[in-house]
Amino acid sequence: MGYDSFNRQPRFKPIDHLYESRLRQFTDGGRYVDLNLPKFYDVYRQEIGNLKSWKVPDNEHGKTQRPLWKDINFDEVHWENIGIGYRFGPSWKTFWVKFELDIPEEFLQSEGLEIQWETGSEGLLYNAVGLPLQAFSNERQSFRIPKEYRKLGKQLFYLEVACNGMFGNGSDGFPDPNKYFRLSRAHLVVLNMDARRLYYDFWILSDGSREFQGGTWQKYQAADLCTQIMNVFDSQDSESIKACRELARKMLGNKIDTEEVYDVFPHQDKRIDVFAVGNCHIDTAWEWPFAETKRKIVRSWTTQLKIADEYPEYVFVASQMQQFKWLKQYHPEILTRIKEKFTTNQFLPIGGSWVENDTNVPNGESLIRQFLLGQRFQMNEFGFYSNIFWLPDTFGYSSQIPQICQIVGVSRFLTQKLSWNNINTFPLTTFNWKALDGSQVLVHMPPANTYTASAHFGDVMRSSHQHKNLRDVPAGLLLYGHGDGGGGPTEEMLEKLRRCRGLANTVGLMPTVQLGVTIDDFYEHVLENSNQGQKLPTWTGEIYLEFHRGTYTTQALVKKYMRQGEIALHDLELIAGLVSIKFDKYKYPAKEINDLWEDLLLCQFHDVLPGSCIGEVYYDEVHPMLESLLKKAAGLIQDALRYLRKPKSVKEVQLVNTFPWDRTNEIVHVHKQESPELFQLLEGQNVGIVQNDGATRSISVNSINGETTINNSVDYPASVQEKDGFFVLSNKLLSAKISPTGIVTSLYDEVNQREIIDSTPTDQTSSEFIGGNQFVLFDDEPLNWPAWDTELHSLEKFKLLNNGESQVLVNDELESSILVTHRISSQSSIHTVISLAGVKTKDNLENNFLKFSSKVSWHENNLFLKVQFPTTIFTPPTANYETQFGITTRPTHYNTTWDVAKFEVAHHKFMDLSEFNYGVSILNNCKYGGAIHGNLMRLSLLRSAKAPDDRADMGDYHEFEYAIYPHAGNLGESTVRAGYNFNYKLIAEPIAHTDLFKSVKLEGGKSLVLSHIKRGENDYDVNQFEVFKTDTPEKSLVLRVYESLGGSSSGKLVFDKSLKVDSVFKTCALEIHGEQLRVDDGSVDISLRSFEIATYKVYLK
């Protein structure tokens, strides 16, 4: 039939927006549900009518119990008959439900047969013998019955119900304690699989009609095809669905119902635009406690194993070896199944670290241990080391991460959080990230800007179109699956991705998304197409997250415990390690130390340590865990030191210095309860300054070449005088003038003839008295996330605390001090002891600083407490902040928006502002936030955010110390050592003279730091893993050395003859052999490049 020359009835051009608005009615139903596709989703629905429930009782302390299936005697529990409408609760409680399923014979012939369960809470289905089968949640309410359970006869199932949603029970200050979850569905359902598949067909086609770019024929053809499908559909005839699906195939192709769709490529070169990999980011704690995470793991991963059975193209990755260890402890049968899927490349462990940790606050050794423990566990369980650091969600990326990655065998990095920047847009997607020392890793940030994509049409499009450097390697990773609270991908996501690929195969325009690929496949693709990364752009140094800046300060006690825990484990490993080498009868506590490290690393998870969890995490789990760690570590140190001779008099006393440099003028506070033996010796001979509590004696100590001297007098005595209402602290080397309100109006360096404090009034310093130690209260009302964020506008609304009251506390040549009391409000106050120690000799002034010891009662609302020091250092364009194993420099100005964004930054033991010939450092013993702009140095102290924990930091328990340390010259080794001395105290456990702690020394190279001494992980009395066991027992020490200031340096490791050194190797941080070094007369020459982190393994005979 040709063209009709006569028009009888005209046709209209469809109005696009009206037709588009109609599309969702077809699959969602709305008010026309019986006239559209939802009418045919189910063939038959039968309520499960024999449900019985048991509520798990709380323990004797009223705490929720979460017993394992294997630990319950179900014959002895009291079962209650329940049905639709039953309410599980209240919040956090656990229930077990059991029911018998008797599948009618006619149902067994159906392709689609499932159990549907809906409560709004999380749950886990078990079979009759306690094997977990699949999770239920808000995102997953159907269990497709596998072949082995499609049979006649009654079958028993159990269902564990957790009274929390995927994101706990609320996080706006305090979780709702009385949340209940109503059982709204408990059915056996026969599905119309053609209708379900048409649902997915239509979803993707309608998305194409909405989201394809205007002006493309594919957009309008998809819209027209959707209209045709809706017109062909007959609500009175389910067979019409087949005709609708035939229409859909015009654009989706005919392979979308199987994995074969991924075997067809739209391009001759088989180009892949988007590599799609499933994951379920499980926050190890956040809006739920660790205890619930242990159940989230088995719920999420069991479900993914089931999906892997059903979809051959499916690849799933999971990180955090802590979670694998929990699974091994509580559900070893699921770990066995994971290992089976590992062999088929469908379930892949990834990441190499113990948890997905914060990288701002942990020290360098902690970051190494994240990998040392994680990689060794992974090797033991799966037989390989990870080559990628998997960190999709964390709150900033410190400048030494690429080097730390490289020394633990990791060359690739993945993250996504940079897309949350709230000032500048990070300019790169795939790039090389270069550390301070020049080491680099290959980085990819998924262009869809999420690690929990729902695998929508738009997610696939964004995975290509939002790629920021498509001119390099135009491929992106799509990480799909419900996450944060776990869950992972659903069958729906796999179905949508098949159709997205079918669309790309058939009509183009859609990026080619590929499943059945791994993370390694993606990175190999990048390397192959970029000349092994050489053509990619480079980002050097810190990758600063312009968001969540409050996490450097929130939950201050956890951060304090973390600093103390890192110090305790450093000291314990050094002492126990050397004692175990010296004394055969001493058994090295390898398992105990490993367990302590696991606890410490667990608490470095990227919501726990930053302070962004609900209160239950801290008060019920993290605080007790870290307090126990500190107590156990102290006990283990005491156990080791018992093998050394005890002193009989004060003259014989030696205090252990756990660093290789001499320390002078050190004030050691000896507490009667914590150090009873030393206190008794001091009291017996009346040595030291007796503090007001009567239970503390303070002594001035020199530790030189391993010899301890208690100073009864000093050459430069401290003193305090009150004159004209002011207080003057002086030791003839430093002099501080302090106002009646506690402001340091002058700090004068008598040696270098320099005033350190700038008393010029400005809009940020003006007060009755201008100077240092000025407490400032900032308004702290962030726009989005209270515990996470502090915003730029807060810097403009503040109040200087100028109501301090000062009095002389101690006037003694060894240490003099005044007490300053500030009233913040009717409920909050600060008590600060400002002290200056006497100096034995000015040959070493690393401990010559003005110290501030504060005790704070803090009960405020959305205020941010900081302390500031205006200095006479005016010109440096950058300031120095200690980071892990090095220094990060940041601008002191606001020239660009990138500079403005860094109005609050992270640091470790010190920050420093220096000119060529002089500088000032601020030391601290447990604080991490701060900023230096112009000549003003600010240290962040306490926040009072009210969500997710409205009790965060509220209390009378805050104690912390900081100091202002002036120094000649630019930033140098004196500040680095002062930072260590300020934190790593001489150990107040008295021993008699011994050379043991001089066994290993580092000479030369003043910027070199011997930061850690430990036993070798594979030593016969240390190793915890079967895979690393050897037939030949070995004993070794491992030394960590780094260059701290940014210049190549050489030095010498010197070993005492008693160690009987056999050989020395330079190794990676996993302690795998590299270059063997020459041992010459008990010493080894070493050379490190700028900011290098080096590891040496010393084998003993």
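Predicted model: local features only at pLDDT ≥ 70, side-chain atom pairs only at ≥ 80, totals over all residues.
**Reading helix packing and salt bridges**

Visitor: With which residue does the side chain of Glu 598 meet in a salt bridge?

Guide: The general idea is that side chains of opposite charge can pair when their charged atoms come close. Here the partner of Glu 598 is Lys 325, with 2.6 Å from N to O. Because Lys 325 belongs to helix H6 and Glu 598 to helix H14 (residues 590-602), this pair ties together parts that lie 273 residues apart in sequence. Lys 325 has a relative accessibility of 19%, so this residue counts as buried.

Visitor: How should I read the way helix H6 packs with helix H8, and what is the angle?

Guide: Two packed helices are described by the angle between their axes and the distance between the axes. For H6 (residues 321-330) and H8 (residues 364-382), the angle is about 45° and the axes are 9 Å apart. That angle makes H6 oblique to H8, and the crossing in which H6 passes H8 is left-handed.

Visitor: Which residues in H6 and H8 meet?

Guide: From H6 come Met 321, Phe 324, Lys 325 and Lys 328, and they meet Gly 374, Phe 377, Gln 378, Glu 381 and Phe 382 in H8. Sorted by class, this contact of H6 with H8 holds four nonpolar, two polar and three charged residues.

Visitor: How many salt bridges does the count come to?

Guide: The count comes to 62 salt bridges. One of them joins Asp 620 and Lys 63, whose closest N and O atoms are 3.1 Å apart. This pair links distant parts of the chain, 557 residues apart, since Asp 620 sits in helix H15 (residues 615-641) and Lys 63 in the loop between strand E2 (52-55) and strand E3 (80-81). Asp 620 counts as partly exposed at 36% relative accessibility, and Lys 63 is partly exposed as well, with a relative accessible area of 41%.

Visitor: Where do Arg 210 and Asp 207 lie, and how many residues apart are they?

Guide: Both lie in helix H2 (residues 193-211), and because they are three residues apart, about one helical turn separates them.

Visitor: Which residues are linked in a network of salt bridges?

Guide: Such a network links Arg 66, Glu 122, Glu 160, Glu 292, Arg 295, Lys 296 and Arg 299.

How values were computed: Residues numbered from 1 in each chain as written. Heavy atoms only, no water. Axes fitted to C-alpha atoms, helices over the stretch in contact; angles between N-to-C directions. Helix = DSSP H or I, 4+ residues; strand = E, 2+ residues; numbered from the N terminus. Parallel < 35°, antiparallel > 145°, perpendicular 65-115°, else oblique. Left-handed = near helix turned anticlockwise from the far one by under 90°. Contact = heavy atoms within 4.5 Å. Nonpolar A, V, L, I, M, F, W, Y, C, P; charged D, E, K, R; others polar. Salt bridge = Lys/Arg side-chain N within 4 Å of Asp/Glu carboxyl O. Buried < 20%, exposed > 50% of the residue type's maximum accessible area, 1.4 Å probe, protein only.
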